[in-house]
Amino acid sequence: MRYMPLFFSIAVVLTTILALLPSPSVPQVFQFWDKAQHTLAFTVLTITGGLAFPKKLKLVYIGLIMHGALIEIMQNSLTTTRFGDVLDWLADGVGVVIGIVAYASLTSVHPESLSD
């Protein structure tokens, strides 16, 4: 578990880069998949962040919500093919909530395996 902070940092950077890479126009039909990707990414980030910093959970959760907002702002201001969307940020928040529940479940079932 000692490598979790590094893994979490890499995951945050990778998520940010992927969110800012140029993308072709996505047809409306695939908008649901876009929101699902946001939710999944932030669920994984939340679980990983919890494992990396178990004594700073509130900071991790608030930081991820703020990071989701920052990504949307950067998409609007730094790219020409991406556009910030409050619904994407909402999907990020849903992912954080799901991640909180998953992390709490994981740590309550196997707390001894997470103490390394």
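Me: What makes the place of Thr79 a loop, between helix H3 (57-78) and helix H4 (86-109)?
Reply: Thr79 lies in the loop between those two helices, a helix here being a DSSP run of H or I with at least four residues, a strand a run of E with at least two, and both being numbered from the N terminus. The model is predicted, so local features need pLDDT of at least 70 and side-chain atom pairs count only at pLDDT 80 or more, while totals for chains, interfaces and linings use all residues. Residues are numbered from 1 along each chain as its sequence is written, and side-chain values use heavy atoms, with hydrogens and water left out.

Me: Why is Thr79 called buried?
Reply: Thr79 has a relative accessible area of 14%, and buried means under 20%, with exposed over 50% and partly exposed in between (1.4 Å probe, protein chains only), so Thr79 is buried.

Me: Which backbone oxygens lie by a polar atom of the side chain of Thr79, and what makes these pairs polar contacts?
Reply: The backbone oxygen of Gln75 is 2.6 Å from such an atom, and that of Arg82 is 3.1 Å from one. A polar contact is a pair of N or O atoms within 3.5 Å, where within protein one must be able to donate a hydrogen and the other to accept it, and where residues adjacent in sequence count only if both atoms are side-chain atoms. Leaving aside neighbours within four places in sequence, Thr79 is also in contact (heavy atoms within 4.5 Å) with Leu20 and Met74.

Me: How do you know that the span of H3 agrees with its number of residues?
Reply: The expected span of a helix is 1.5 Å times one less than its number of residues; for the 22 residues of H3 this should give 32 Å, and the end C-alpha atoms are 30 Å apart, which agrees. The buried residues of H3 include Met74 and Gln75, the residues already met beside Thr79.

Me: What makes the pair of Lys35 and Asp88 a tie between parts of the chain?
Reply: Lys35 lies in helix H2 and Asp88 in helix H4, so the pair ties together parts that are 53 residues apart in sequence.

Me: Are Lys35, Asp88 and Asp85 buried or partly exposed?
Reply: Lys35 is buried at a relative accessible area of 17%, and Asp88 counts as buried at 5%, whereas Asp85, at 23%, is partly exposed.
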